[in-house]
Amino acid sequence: MSGTHQLAVGWAVRFRGEPPSPDTLRRHVRARLADLPTLTHRVDERAGSRPCFVPVPEIDPREHVRELLMTDPREQWHSCLQDVLARPLPAGHRPPWDLWLIHGYGDGTGAPEYVLVFRIHHALEDGAGHHYVLRTLFTPRIAPQRSRRVADTSANTSAPAESGGRVSSRALLGIAGDVARSLRGSGDWAVLRRPPTGKLATAVGTAATRRLVALSRALDTDISVVFLTALTGAMRAVAVAEEERPAPLALLWPLTVRTGGERGAVGNYLTMVRLRLPCAEPLPLRRIASLSRQLEAGRVERRMRTSRALMRRAPLPMSLGTLRLLMRPRHASLTGTYFPAALPQPALGEARLDGALGLGAPLPGQLCHLTLLRYRSECTLSVVHDTAFGRGADLPELWLAALSELEAVVRDARE
């Protein structure tokens with residue numbers, strides 16, 4: 001599935017039931033706009049000044065909520081994404097987001113269903129913000145979240161008034177180390193250092209949540225580590241297929257710095273950690289040990305707390321400059337994230353939501369972004385990759401194979 005590259009991120013969900021009319025969906029979205037500040041702002045990038053968020057007083061849902069009627073059946077609902085991926089986001093005076101109603105892709109023999117695809121410019125919203133939009137649109141109303149002063153805040157940082165908590169010296173050293181490594185580059189892996197084409201493609205794979213939960217319990221770790229361990233195995237298989245020597249691979253791992261009251265606030269509340277996927281290691285248990293150390297809970301918490309404090313206390317040029325260095329493509333060849341979606345009884349009218357996946361975007365200069373989204377009984381891996389990295393299409397299948405390999409290792413260890 002391919003389309004033109006743009007920094008558009010979001011989610012896709014499937015509903016079981018008759019699709020609403022476009023006007024019904026537009027009325028539903030309009031009724032929730034007061035609780036969704038990210039949908040009522042645009043990014044102003046005037047020459048000579050730093051980008052800022054500007055409120056748009058009047059939103060016309062017809063410019064953002066669109067319909068796509070499929071004329072040919074599709075085997076999988078997520079194969080419809082290709083028909084939206086190439087479309088440009090609304091631009092100019094309009095907030096850069098859209099919501100696509102896709103239906104008609106079934107063969108007519110099963111129960112009715114439809115897909116909603118939400119996309120927004122990454123400067124306005126991060127993964128936690130996507131979850132807030134999804135929850136606000138399709139679950140019973142929740143209390144609006146306090147938003148920061150968006151009109152005079154940079155589009156690439158977060159600087160609410162709170163002090164942000166304590167600063168850890170160990171976390172500061174970790175940030176400094178990551179910044180230093182961003183100046184050196186991410187090492188080998190010629191397959192990931194090809195010039196981007198600017199065209200994106202997607203690939204999707206799904207595993208039962210119970211499989212990842214069982215592995216995390218058996219290995220005394222969490223689903224994030226299981227996900228990355230299987231990804232390490234998948235990328236090792238890519239190296240072998242490309243006749244490259246498997247080598248450690250740098251990956252950017254986003255961490256949120258949002259507080260509880262900022263769940264729906266405008267902007268990108270993220271910092272990045274550079275992880276090292278041990279792709280040169282042939283033994284799965286050693287891979288998981290390496291990743292468990294890197295994602296040790298105390299270490300992650302210190303990094304989040306320290307990053308939050310720096311974003312609130314440091315001068316803006318310093319916090320912006322540090323974040324930009326951490327997000328340089330030379331710093332890491334891939335970006336990956338895991339997100340558990342907590343949605344109590346999501347519905348739209350009589351239709352019930354029963355499938356979801358995240359839509360990331362490679363950072364400029366990168367070739368691949370991976371999201372594992374957990375929703376109820378399924379964990380869905382979505383890969384968004386530049387077509388220069390053709391092996392990206394194979395990653396879901398390779399990831400599932402590596403997951404099975406890890407399960408076999410666990411079974412053997414018990415016998």
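Q: What average pLDDT does the chain have, and which share of the residues scores at least 70?

A: The structure is a predicted model. Its chain averages a pLDDT of 86, and 83% of the residues score at least 70.

Q: Where does the pLDDT stay under 50, and where else is it below 50?

A: Residues 1-5 stay under 50, and for them the model has 26 contacts beyond four places in sequence. The pLDDT is also below 50 over residues 143-163, a stretch with 68 contacts in the model beyond near neighbours in sequence.

Q: How many helices and strands does the chain have, and what percentage of its residues is buried?

A: The secondary structure comes to 10 helices and 15 strands. Of the 415 residues in the chain, 57% are buried. As for contacts between residues at least 6 apart in sequence, 78% join residues at least 24 apart.

Q: Which two quantities describe a pair of packed helices?

A: Packed helices are described by the angle between their axes and by the distance between those axes. In this model, α1 (residues 22-32) and α3 (residues 127-138) have axes that come within 9 Å and cross at roughly 115 degrees. The two helices, α1 and α3, are therefore roughly perpendicular to each other, and α1 passes α3 in a right-handed crossing. Helix α1 contributes H28, V29 and R32 to the contact, while α3 contributes T136, L137 and F138. Classified by residue type, this contact of α1 with α3 has three nonpolar, two polar and one charged residues.

Q: At what angle do α6 and α7 pack, and how far apart are their axes?

A: Helix α6 (residues 223-241) packs with helix α7 (residues 284-294) at an angle of about 130 degrees, the axes being 9 Å apart. Angles over 145 degrees count as roughly antiparallel and those from 65 to 115 as roughly perpendicular; α6 and α7 are therefore oblique to each other. Their crossing is right-handed. On the α6 side, V225, L228, T229, T232, G233 and R236 meet P284, R287, I288, L291 and S292 in α7. The contact of α6 with α7 comprises five nonpolar, four polar and two charged residues.

Q: Is the crossing of α5 past α10 left-handed or right-handed, and which residues make the contact?

A: The axes of α5 (residues 209-218) and α10 (residues 395-414) come within 11 Å and cross at roughly 45 degrees. Helices α5 and α10 are therefore oblique to each other, and α5 passes α10 in a left-handed crossing. The contact is made by R211, L212, L215 and A218 of α5, together with W399, L400, L403, S404, L406, E407, V410 and R414 of α10. Its residues divide into eight nonpolar, one polar and three charged.

Q: What is the phi of R376, and where is R376 placed?

A: R376, which is not a glycine either, has a positive phi of about 55 degrees. The loop between β14 (368-375) and β15 (378-386) holds R376.

Methods:
Residues are numbered from 1 along each chain as its sequence is written. This is a predicted model: local features need pLDDT of at least 70, side-chain atom pairs count only at pLDDT 80 or more; totals for chains, interfaces and linings use all residues. Side-chain values use heavy atoms; hydrogens and water are left out. Axes are lines fitted to C-alpha atoms, for helices over the stretch in contact, and angles run from 0 to 180 degrees between N-to-C directions. Helices (H or I, at least four residues) and strands (E, at least two) are DSSP runs, numbered from the N terminus. Angles under 35 degrees count as roughly parallel, over 145 as roughly antiparallel, 65 to 115 as roughly perpendicular and the rest as oblique. A crossing is left-handed if the near helix is turned anticlockwise from the far one by less than a right angle, and right-handed if clockwise. Contact means heavy atoms within 4.5 Å. Ala, Val, Leu, Ile, Met, Phe, Trp, Tyr, Cys and Pro count as nonpolar, Asp, Glu, Lys and Arg as charged, and the others, Gly among them, as polar. pLDDT is the predictor's confidence in each residue, from 0 to 100. Buried means under 20% relative accessible area, exposed over 50%, partly exposed in between (1.4 Å probe, protein chains only).
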